[in-house]
Amino acid sequence: MAGHSKWANIQHRKGRQDKLRSKLFSKLAKEITVAAKMGDPDPDKNPRLRLAVKEAKSSSVPKDVIDRAIKKSQGGDAENYDEIRYEGYGPNGVAVIVEAMTDNRNRTASTVRSTFSKNGGNLGETGSVGFMFDRKGQVIYPASVGDADTVMMAAIEAGAEDVQSDDENHVIICADTDLNEVANALEADLGESESTKLIWQPNITTELDLEGLTKLMKLLDTLEEDDDIQRVTANFEASDEVMAAFAES
């Protein structure tokens, strides 16, 4: 968990958000189209679509883009995407999970494999690193919604498992199968969340120094820039000093 949220913070501090924004919009729209095609086009009747729309809104995706993505799912010309998970090791043996949505399995597999090998890692078999992560639901609220105790009580009432609060956010963790229920209960109590999604939470982490972190980030950034790749998660840890040094590099 720590590794993933710290990574998001690094990306933000290094000003990569604008560069990634248009890619992020298209990836979120793709998720909406797939979710709507697999189930009901009404978010109220389709939990996966509801989460996809919520995540898109929290990333400031315009309403017309969201509506267009849902409409696209109902047309006969909507592409068929396969959802594939790749697992591998990055530099220093850091475990990496790559979630892709592709209309060409061979192209994506080839790209992922070569990206790993060019950046000091190697792609493994499915299940090779999955045991180092737990599938969880994650709901994030800004610190301004209330103090740690208030949010903790709301989270317990909603059926969550854990809350991590700091100066910026409250990160609420729940069982993956409970995410929709927990998110709805929290929304009734605390209002709209900043983010609601399924994540891979590391249960084992690898500590990195500045050199190791720099190498890993190159791999993760290259993977994230590929249009077929929806999400990348890694089980790294780094001290605040290393994080700060990287952000300034």
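Colleague: What makes strand β1 and β3 a pair, and in which sense do they run?

Modeller: This is a predicted model, and in it strand β1 (residues 82–89) and β3 are joined over 2 bridges in the antiparallel sense. Pairing takes at least two bridges between the strands, so β1 and β3 qualify.

Colleague: Which residue of β3 is the bridge partner of Gly88?

Modeller: That's Leu123.

Colleague: Where does the pair sit in the sheet?

Modeller: The order is β3-β1-β2-β9, 4 strands in an open, antiparallel sheet.

Colleague: Why are β3 and β9 called edges?

Modeller: Because β3 (122–123) and β9 (229–234) each have a single partner strand, one side of each is left without a neighbour in the sheet.

Colleague: What makes Met152, Met153 and Ile156 a patch?

Modeller: Membership calls for over 30% relative accessible area and no salt bridge, with nonpolar side chains joined within 5 Å. Met152, Met153 and Ile156 come out as a nonpolar patch on the surface, so they pass that test. Together they have about 280 Å² of accessible area. Met153 belongs to helix α6 (residues 148–158).

Colleague: How do you know where the domains are?

Modeller: The domain assignment of the chain gives domain 1 (6–74), domain 2 (82–131 + 203–244) and domain 3 (133–202). The C-alpha centres of domain 1 and domain 2 are 22 Å apart.

Colleague: And what does UniProt place at residues 81–236?

Modeller: Its unreviewed entry has the feature "domain: TACO1/YebC-like second and third" there. In the model, that span is 33% helix and 36% strand, and its end C-alpha atoms lie 30 Å apart.

Key: Residues are numbered from 1 along each chain as its sequence is written. This is a predicted model: local features need pLDDT of at least 70, side-chain atom pairs count only at pLDDT 80 or more; totals for chains, interfaces and linings use all residues. Side-chain values use heavy atoms; hydrogens and water are left out. Patches are made of residues with over 30% relative accessible area and no salt bridge: like charges are joined within 9 Å, nonpolar side chains (Val, Leu, Ile, Met, Phe, Trp, Tyr) within 5 Å. Accessible areas come from the Shrake-Rupley method with a 1.4 Å probe; for residues, only the protein chains shown count as cover. A salt bridge is a side-chain nitrogen of Lys or Arg within 4 Å of a carboxyl oxygen of Asp or Glu. UniProt positions are given in the numbering used here, feature names are shortened, and annotations may be inferred rather than shown by experiment. Domain bounds come from an automatic or database domain assignment.
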